[in-house]
Amino acid sequence: MPNISCVTERIWTGGDLPAERGEDALRGELEAIVARGISHVVDCRMEWSDERFFATHAPDVGYLHHPQDDAGQLIPDAWWEEGTAWARQALEDASAQVLLHCHMGINRGPSLTYALLLTLGIGRVEGLDLVRGARPIAAMDYAEQACDWWLRRTGGDDTTRAAAQRDIARWREHNPLDVVRVIRTAQLDRGA
């Protein structure tokens, strides 16, 4: 079973293929991803890329290696812009399904998924609910940055941007997540 979650009918988020389990497990999970109809993958990991693996074993799947560190840093606007633009272009094909993932599916992949939802007109709190509802381990530590990027891009003024940050802070208060426990559990599940 791939470490992915369906956020909307055509948008998925999650973690990476289990390289530590060997080539057979990798191929099996890739086959399961393709069987779900996923036609495009945005890989947010800086630490690894499956580009060659996809090119060899699933050449019809569009693949974007879109690396970003996960160290709590400020993420440049260009990263949000490129990742969401690529995913939106893929979604222009009515049959396309896009997976945006990182290593564990906790921060980078879910945060970029949230940014994509914002670009598709989904409200900031509704987007958080959709991602967390589909993927209960999604912390989305970069959601505030994603929302701020989107509001700057669409002309949101300082008052609107401050209100958005308050909305996200309130959402986090009402939807707490023990990220340390989530990471430990995910590592145990992966056999680390």
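**Close-up legends**

**View 1. Strands β2 and β5 pair in the parallel sense, over 4 bridges.** Two strands count as paired if DSSP finds at least two bridges between them, and strands (E, at least two residues) and helices (H or I, at least four) are DSSP runs numbered from the N terminus. Within this pair, Ile 11 has Val 98 of β5 as its bridge partner. The model is a predicted one, in which local features need pLDDT of at least 70 and side-chain atom pairs count only at pLDDT 80 or more, whereas totals for chains, interfaces and linings use all residues. Residues are numbered from 1 along each chain as its sequence is written, and side-chain values use heavy atoms, with hydrogens and water left out.

**View 2. A hairpin of 4 linking residues joins β1 to β2.**

**View 3. The structure holds 1 cavity of 30 Å³ or more.** The largest cavity has a volume of about 50 Å³, where a cavity is a set of points on a 1 Å grid over the protein atoms alone at which a 1.4 Å probe fits but cannot get out, and lining residues have an atom within 4 Å of a point. Grid points are joined across faces, edges and corners, and a volume is the space filled by probe spheres set on the points. Among the residues that line this cavity are Pro 2, Asn 3, Ile 4, Phe 54, Leu 99 and His 101, and the elements that give two or more residues to the lining are α1 (23-35) and β5. By class, the lining residues divide into 7 nonpolar, 3 polar and 2 charged; Ala, Val, Leu, Ile, Met, Phe, Trp, Tyr, Cys and Pro count as nonpolar, Asp, Glu, Lys and Arg as charged, and the others, Gly among them, as polar.

**View 4. The largest pocket has a volume of about 260 Å³.** It is lined by 16 residues, of which Asn 3, Arg 21, Ala 186, Asp 189 and Arg 190 are the closest to its centre; a pocket is an open set of grid points with protein on both sides within 12 Å along at least five of seven lines. Helix α8 (residues 179-189) gives the most to the lining of this pocket, with 5 residues, and the lining as a whole has 7 nonpolar, 2 polar and 7 charged residues.

**View 5. Thr 56 has its place in helix α2 (residues 51-57).** Its relative accessibility is 57%, so Thr 56 counts as exposed. Thr 56 and Leu 128 are 72 residues apart in sequence, and their C-alpha atoms are 35 Å apart in space.

Conventions. Buried means under 20% relative accessible area, exposed over 50%, partly exposed in between (1.4 Å probe, protein chains only).
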